[in-house]
Amino acid sequence: MAKKRKRRKYSRSASKEVKNEMHRYKRGRAKSGRSGKGGKVKSRKQAIAIALSKARKKGKRAPRKKR
């Protein structure tokens, strides 16, 4: 029997978006809110959430936000 291939949950480009945002977070340059007018991002989780949100807005494959 042929093995069923699993589809990626997040696209490679969405993963790249997260990587870039984490880079900014680690250097203390990541900001929250619209156009970066908010405060500094304080946690890794927050940085990842911002990156995935940006990816969704660009139309990259990323699951919808859970409510």
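Lys 58 is exposed, with a relative accessible area of 56%, where exposed means over 50%, buried under 20% and partly exposed in between, computed with a 1.4 Å probe on protein chains only. The model is a predicted one, in which local features need pLDDT of at least 70 and side-chain atom pairs count only at pLDDT 80 or more, while totals for chains, interfaces and linings use all residues. Residues are numbered from 1 along each chain as its sequence is written, and side-chain values use heavy atoms, with hydrogens and water left out.

Lys 58 lies in the segment after helix H2 (44-57); helices are DSSP runs of H or I with at least four residues, numbered from the N terminus.

| Partner of Lys 58 | Relation | Distance |
|---|---|---|
| Glu 17 | side-chain to side-chain polar contact | 3.3 Å |

Glu 17 is one of the buried residues of H1, together with Ala 14, Val 18, Glu 21 and Met 22. They cover an arc of only 135° around the axis, which puts them on the same side of H1; the arc is that of the directions from the helix axis to the C-beta atoms. What covers these buried residues includes H2, whereas the face of H1 turned away from its buried side carries the exposed Arg 12, Lys 16, Lys 19 and Lys 26.

Conventions. Helices (H or I, at least four residues) and strands (E, at least two) are DSSP runs, numbered from the N terminus. A polar contact is a pair of N or O atoms within 3.5 Å; within protein, one must be able to donate a hydrogen and the other to accept it, and residues adjacent in sequence count only if both atoms are side-chain atoms. Contact means heavy atoms within 4.5 Å.
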